[in-house]
Amino acid sequence: MSTAARREFGAGPLSRAAALIYTLLVVELLLLLCAAPGLVALFALERHASNLPLVAACAVPLGPAFSAALYALHHQRLDLTELHPSRLFRRGYRANLAGSLLVWVPTLLWLTVIAINLVNLSAAGVPRWWAALLVPVGAGVAVVGVNALVITSLFTFRVRDVVRLAGYFVLRTPQVTVGTALLLVAATVLTLVASEAALAALGSVLALALVRGGEPMITTVRQEFTR
């Protein structure tokens, strides 16, 4: 009887909503804590094109922290009797530290190079139409990088296989690609309109959106590429 009552408690919509809010708050706090060294330096930087390499360097700690958030939100059951978001976050951070950096750092480097080229088109004497090529390339790099971060956060593959799968699923799951692209656009607009702090404060919400929106890709990877 007690076991049945325990299962019944925490199974209702209000309990699940409370569990989700608690999980998001805990994951957000841990994400900010792990990314704090880079975020503090990032907030101190002036918004100027010359600081783009420094911005990328400050964003490096965010990769493993965001990866741990993805892991925790994917594995956490929304049951008030079985809430362990901090434990899952720590487990994900330890397990994915190396893999997430191997995906995150090259993505940052590519995006930084593209951004520097875009803001210096006039100074470099490059035709304006060149920007029309760089923008979709940057968008593609960002989407593939996010896919790769999601995959390496939830599965164990070699880095080259993670990158191949990330690119493959851009076309295999177009609904995931569109959803990821829209999230990236929203994050960019929020950063430009408000600040980096506003985006950082919504880190766990963004991670949850990627986990929920990426479910078709995650399910296919599990069914077709794992034993």
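Trainee: Why is Tyr168 called partly exposed?

Mentor: In this predicted model, Tyr168 has a relative accessible area of 37%. Buried means under 20% and exposed means over 50%, so a value in between is called partly exposed. Tyr168 is therefore partly exposed.

Trainee: What makes Phe225 partly exposed?

Mentor: The relative accessible area of Phe225 is 34%.

Trainee: Which class does Phe169 fall in, buried or exposed?

Mentor: Phe169 has a relative accessible area of 0%. Buried means under 20%, so Phe169 is buried.

Trainee: How many aromatic pairs does the structure hold?

Mentor: There are five aromatic pairs in the structure. One of them joins Tyr168 and Phe225, with 6.2 Å centre to centre and 75° between the planes.

Trainee: Why is the pair of Tyr168 and Phe225 called edge-to-face?

Mentor: Two rings pair if their centres lie within 6.5 Å, and planes over 60 degrees apart count as edge-to-face. The centres of Tyr168 and Phe225 are 6.2 Å apart and their planes stand at 75°, so this is an edge-to-face pair.

Trainee: What makes this a link between distant parts of the chain?

Mentor: Tyr168 sits in helix H8 and Phe225 in helix H12, 57 residues apart.

Trainee: What type of pair do Phe169 and Phe225 form?

Mentor: Phe169 and Phe225 form an edge-to-face pair, at 6.1 Å centre to centre and 75° between the planes. This pair also links distant parts of the chain: Phe169 is in helix H8 and Phe225 in helix H12, 56 residues apart. Tyr168, Phe169 and Phe225 form one aromatic cluster.

Trainee: How do you know that the span of helix H8 is close to what is expected?

Mentor: Helix H8 covers residues 159–172, which is 14 residues. At 1.5 Å a residue the expected value is 20 Å, and helix H8 reaches 19 Å from its first C-alpha to its last.

Trainee: Which residues of H8 are buried?

Mentor: Asp161, Val162, Leu165, Ala166 and Phe169 are buried in H8. Seen down the axis of H8, the buried residues fall within an arc of 140°, so they line one face of the helix. The face turned away from the buried side carries the exposed residues Arg160, Arg164 and Leu171.

Trainee: Which helices do the buried residues of H8 pack against?

Mentor: They pack against helix H5 (85–119), helix H7 (129–154), helix H9 (174–193) and helix H12 (215–225).

Trainee: Why is Asn147 called buried?

Mentor: Asn147 lies in helix H7. Its relative accessible area is 2%, and the limit for buried is under 20%, so Asn147 is buried. Leaving out residues up to four places away in sequence, Asn147 touches Ala166, Phe169, Val170, Val176, Thr180 and Met217.

Trainee: How many helices and strands does the chain have?

Mentor: The chain has 12 helices and zero strands.

Note on methods
Residues are numbered from 1 along each chain as its sequence is written. This is a predicted model: local features need pLDDT of at least 70, side-chain atom pairs count only at pLDDT 80 or more; totals for chains, interfaces and linings use all residues. Side-chain values use heavy atoms; hydrogens and water are left out. Helices (H or I, at least four residues) and strands (E, at least two) are DSSP runs, numbered from the N terminus. The expected span of a helix is 1.5 Å times one less than its number of residues. Buried means under 20% relative accessible area, exposed over 50%, partly exposed in between (1.4 Å probe, protein chains only). The arc is that of the directions from the helix axis to the C-beta atoms. Contact means heavy atoms within 4.5 Å. Rings of Phe, Tyr and Trp (its six-membered ring) pair if their centres lie within 6.5 Å; planes under 30 degrees apart count as stacked, over 60 as edge-to-face and the rest as tilted.
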